[in-house]
Amino acid sequence: MYNTQFKQSEVMHLCFKFSRSQSSLSLVRHLSSAQLPHLPVPALQDTLKKCLRTIQPLVTEEQLKQTDSIFKKFGEPGGLGTKLQDLLLKRAEKEENWLAEWWLNTAYLEFRSPVVVYSSPGLVMPQQEFGSAEDQLHFAAQLILAVLDFKCLIDREQLKPEMMGKDPLDMAQYKKVFGTCRLPRIPRDELVYHPTSKHIIVMHRNNIFQLNVLAEDGSLYSESQLFSALGLITDLTEQDVTPVGVLTSDSRDNWSKAYQLLAQGSHFVDDNFL
């Protein structure tokens, strides 16, 4: 992996002065979770009724009656349901969002199928017509700067709050759009957050590069500088190499095993493993 970095003296403009989007956006300070009401805990009886309606199309009439009987016993005063509901209410008093950690772990980090398609979204850019390889690199440099422009808005907390009807939504998650890495682990993946990271990953012909796009003071490089760096990357990668990146699209357990081997710098290949 190459580390492509420029001299700090060559920086063209500072992040806090980089304001190409400010003229077109109505910028306001984003709302943090502390300024918003906490996620309410649904009433136990409402939860049981909704659960019964949900399973109704999936079971027989007799099974539905049996389930309804179980739910009634579960939700009666002094029953197991009311005790669990009390514990849930106590958790909600201590947590900003009583569901967030459970949802993150169960729905995402413990999900063992490949994240590609099954979990993580992908982006498809509008088709572009390039007259030359240089045109493609110029477009890539402009795209990188546009993304960094958006990151600056997040860092300055100047994104306009998203709304659900008349209610503003918590914008805190945008803080982890950049600098967050999901490490494969068994039985649960690990999220690692690097808020001060200053590089991006560039892949060309399966070669992986670390390209610094922010200087130590948080300033941005110019389009021409990024264009030169991307050109250097293409010059250094005239041949394809082993596409290790494809391993990230495997099941999370398989990718975790492969990741451990790669992290150790091992070149061991086991036909039974792969």
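The questions and answers below look at a helix contact and at some aromatic side chains in a predicted model. Local features are reported at pLDDT of at least 70 and side-chain atom pairs at pLDDT 80 or more, while totals for chains, interfaces and linings use all residues. Residues are numbered from 1 along each chain as its sequence is written, and side-chain values use heavy atoms, with hydrogens and water left out.

Me: Are helix 1 and helix 2 roughly parallel or roughly antiparallel?
Reply: The axes of helix 1 (residues 44-55) and helix 2 (residues 61-75) come within 11 Å and cross at roughly 170°. Helices here are DSSP runs of H or I with at least four residues, numbered from the N terminus, and axes are lines fitted to C-alpha atoms over the stretch in contact, with angles from 0 to 180 degrees between N-to-C directions. Angles under 35 degrees count as roughly parallel, over 145 as roughly antiparallel, 65 to 115 as roughly perpendicular and the rest as oblique, so helix 1 and helix 2 are roughly antiparallel.

Me: Which residues does T67 contact, leaving aside its neighbours within four places in sequence?
Reply: T67 lies in helix 2, and with a relative accessible area of 17% T67 is buried (under 20%, whereas exposed is over 50% and partly exposed is in between, with a 1.4 Å probe and protein chains only). Contact means heavy atoms within 4.5 Å, and beyond those sequence neighbours T67 touches L52 and I55.

Me: Does W102 count as buried or partly exposed, and what is its relative accessibility?
Reply: W98 and W102 form an aromatic pair, with 6.4 Å centre to centre and 75° between the planes, which is edge-to-face. Rings of Phe, Tyr and Trp (its six-membered ring) pair if their centres lie within 6.5 Å, and planes under 30 degrees apart count as stacked, over 60 as edge-to-face and the rest as tilted. W98 is buried at 11% relative accessibility, whereas W102 counts as partly exposed, at 40%.

Me: Which residue lies over the face of W102?
Reply: A charge sits over a ring if NZ of Lys or CZ of Arg is within 6 Å of the ring centre and within 35 degrees of the ring normal. For W102, at 4.0 Å from the ring centre, that residue is R91.

Me: In which helix do W255 and Y259 both lie?
Reply: W255 and Y259 form an edge-to-face aromatic pair, 5.6 Å centre to centre with 75° between the planes. W255 is buried at 10% relative accessibility, while Y259 is partly exposed at 24%. The two residues are 4 residues apart, about one turn of the helix, and both lie in helix 7 (residues 252-263).
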